[in-house]
Amino acid sequence: FVHPADVLKVRCQIKESEALTMLQAARGIAANEGFRGFYSGLSAAITRQLTYTTLRLGLYEVIREQVVARNASNPNAKDGI
């Protein structure tokens with residue numbers, strides 16, 4: 001749901017010759033590329049997000065266990081963290 005807004009934002013940012021409003025960028029995409037133009041680059045965005053989320057979720061428990069183990073012997077640590 002957010003991707004079309006990101007596409008519009010990027011198109012406005014990369015257009016250096018003139019300032020585009022979001023509406024102008026949307027009209028340009030719709031006229032030149034059709035509805036699918038709002039979803040250009042979606043596969044790359046999904047791949048990036050899946051990779052990032054998988055790493056973050058996969059490494060969370062490993063890193064948490066290391067931090068808890070390291071702080072378990074620390075008398076100043078609260079609740080092992």
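1. His 3 is found in helix 1, where helices are DSSP runs of H or I with at least four residues, and are numbered from the N terminus. At 14% relative accessibility, His 3 counts as buried; buried means under 20% relative accessible area, exposed over 50%, and partly exposed in between, with a 1.4 Å probe and protein chains only. His 3 touches Phe 38, Tyr 39, Ser 40, Gly 41, Leu 42 and Ala 45, leaving aside residues up to four places away in sequence; a contact requires heavy atoms within 4.5 Å.

2. The model is a predicted one, in which local features need pLDDT of at least 70 and side-chain atom pairs count only at pLDDT 80 or more, while totals for chains, interfaces and linings use all residues. Residues are numbered from 1 along each chain as its sequence is written, and side-chain values use heavy atoms, with hydrogens and water left out.

3. Helix 1 covers residues 3–14. Besides His 3, the buried residues of this helix include Pro 4, Val 7, Leu 8 and Cys 12. What covers the buried residues includes helix 2 (22–33) and helix 3 (42–72).

4. Which residues make up the largest nonpolar core? The set comprises seven residues: Val 7, Leu 8, Cys 12, Ala 25, Ala 26, Ile 29 and Phe 38. Helix 1 and helix 2 are the elements that give two or more residues to this core. A nonpolar core is a set of buried Ala, Val, Leu, Ile, Met, Phe, Trp, Tyr and Cys residues joined through side-chain atoms within 4.5 Å. Within this set, Leu 8 touches Ala 25, Ala 26, Ile 29 and Phe 38, among other contacts, not counting residues up to four places away in sequence.

5. A search of the whole structure finds one salt bridge, defined as a side-chain nitrogen of Lys or Arg within 4 Å of a carboxyl oxygen of Asp or Glu. Arg 11 pairs in this way with Glu 33, the closest N and O atoms being 2.7 Å apart. Arg 11 lies in helix 1 and Glu 33 in helix 2, so the pair ties together parts that are 22 residues apart in sequence. Arg 11, at 25% relative accessibility, counts as partly exposed, and Glu 33, at 38%, also counts as partly exposed.

Key
The expected span of a helix is 1.5 Å times one less than its number of residues.
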